[in-house]
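Q: Please take a close look at the packing in this model. Keep it brisk, and go residue by residue where you can.

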Amino acid sequence: MDPSSCPFCHLEVPSSELEWHANSHFEVEDEDEQLARDLEFAQQLALAPSSPPSSSSMNSQAISDLPISRCDAQISMEEKVSSLIALQTRTTFYEIEHGLMALLRDCLETERGNTTSIVSGYIDHFQSIPSEDVGWGCGWRNIQMLSSHLLMQRHKAREVLFGGSGFVPDIPSLQRWLEIAWEKGFDELGSDHFANNIYGSKKWIGTTECAALFRSFGLRARIVDFGPKELESFYPLLPGSSLGKEVKRIHNGGKRKAIQVCGPMDRYLLARNHDVSQASSSGDEKSGCSRIPLGDSLGSISNENLGNKFTKNSKGHQVLIDWIWNYFSDKKFTKSGNCQVVVSDKTPLYFQHDGHSRTVVGIQVKHQHNGMQQHNLLILDPGHRTADLERSLKQKVGWQKFIKRGVHTLKKPQYQLCYIDTGIANREEVELLKTIESVFLEF
């Protein structure tokens, strides 16, 4: 077996023993000695060249040993961030030829009937991998999807995301970035729930973890909650919530529990079943119908006030549909091909419900002869294989079952959305962004 060089002492050891040997450098019983070694290692990394190691396995091992999650005042935040920038790993994924959204637009344009679709621009699909993250990684995969959009569509975001690396990091690197966000003071409740440590775990994350991560780079990540009025006081994200810090999320075998509150729904959402698993989304594509008008374009209404537009105008889950329509149908869009498909400049939506999360990349409405309007959310699911999605879009056969979701499929009692507003926050605004609150819309 070919020998490999230890990244710490540079000793040549068999490849099969490299991980054990590298870990042995950190197996010390004395806490002071451990802290000293951590500090020395962080300083070495901060002074190291910015190019990543040639071996991805060595890179992963080095990241795992970074003292990022330690509350050690001797290791500066600047050192931790520079170390992570140098050692983070670009994620690997199945890249769709010609781009996923270009294929989707082509399919939407050739559909029959009087339809209008509004979609986001560029985005890559990131699927959960059986050997890596199936059953727990959907939140991270949706963060990767949002990141791929931001890196391609927003120049200012590209400059600040992940240290200006210009690529989407893998899950372990994202976990380290979230720990950095927590240490900077973003989402203290979430940080406390995870004991300030998420790297290497299979714990489910949700909307506020997504928001905290992006906010730590100065991006204006916003959250909107949808649910019945009687549950509004159970959302500690909301100002004036009755539960506040008395509600604690406890991770127990993949579940979160707190005073009859559980599930992977990001922050204390009530669940019907305490044994919820992360299920791959599927369902009937026969969409529900509504007589509710689409409403006006948002125009000059700020994104912060989006949550107030449809509180009383719609029934049930149609409130969610109407909000998403108005989010994407802002005046800032361009037409693609014929007028059936419009490309919005809005980011895709991180779409969370109890048991799973997905990414909303657009919305379609079909105007029927009887005056009714049939809506479909256009969704990318990390549980689907990217190759299957590509094949169905290229052949224009069966793609609807992967992407379209009608109103009738929205059967959960609560939903959360996260979107990224435009611009980069200044220093004062960043301090405000550390406290994550949400807008609540009543079903």
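A: Contact here means heavy atoms within 4.5 Å. The model is predicted.

Start with helix α12, residues 386-395. Its buried residues are Thr386, Ala387, Leu389, Glu390, Ser392 and Leu393. These buried residues pack against three elements: α5 (100-109), β13 (373-380) and α13 (399-403). Lys396 follows α12. The phi of Lys396 is positive, near 55°.

Next, a helix pair. Two packed helices are described by the angle between their axes and the distance between the axes. For helix α4 (residues 77-87) and helix α8 (residues 171-183), the angle is about 165° and the axes lie 11 Å apart. Angles over 145 degrees count as roughly antiparallel, so α4 and α8 are roughly antiparallel to each other. The crossing of α4 past α8 is left-handed. On the α4 side, the contact is made by Met77, Lys80, Val81, Leu84 and Ile85. Ser173, Arg176, Trp177, Ile180 and Glu183 make it from α8. By class, the contact of α4 with α8 has six nonpolar, three charged and one polar residue.

Last, a single side chain. Ser357 sits in strand β12, residues 356-367. Its relative accessibility is 0%, so Ser357 counts as buried. The Ser357 side chain makes a polar contact with the side chain of Asn142, at 2.8 Å. Leaving out residues up to four places away in sequence, Ser357 touches Cys138, Gly139, Asn142, Tyr350, Phe351, Gln352 and Pro382.

Conventions: Residues are numbered from 1 along each chain as its sequence is written. This is a predicted model: local features need pLDDT of at least 70, side-chain atom pairs count only at pLDDT 80 or more; totals for chains, interfaces and linings use all residues. Side-chain values use heavy atoms; hydrogens and water are left out. Buried means under 20% relative accessible area, exposed over 50%, partly exposed in between (1.4 Å probe, protein chains only). Helices (H or I, at least four residues) and strands (E, at least two) are DSSP runs, numbered from the N terminus. Axes are lines fitted to C-alpha atoms, for helices over the stretch in contact, and angles run from 0 to 180 degrees between N-to-C directions. Angles under 35 degrees count as roughly parallel, over 145 as roughly antiparallel, 65 to 115 as roughly perpendicular and the rest as oblique. A crossing is left-handed if the near helix is turned anticlockwise from the far one by less than a right angle, and right-handed if clockwise. Ala, Val, Leu, Ile, Met, Phe, Trp, Tyr, Cys and Pro count as nonpolar, Asp, Glu, Lys and Arg as charged, and the others, Gly among them, as polar. A polar contact is a pair of N or O atoms within 3.5 Å; within protein, one must be able to donate a hydrogen and the other to accept it, and residues adjacent in sequence count only if both atoms are side-chain atoms.
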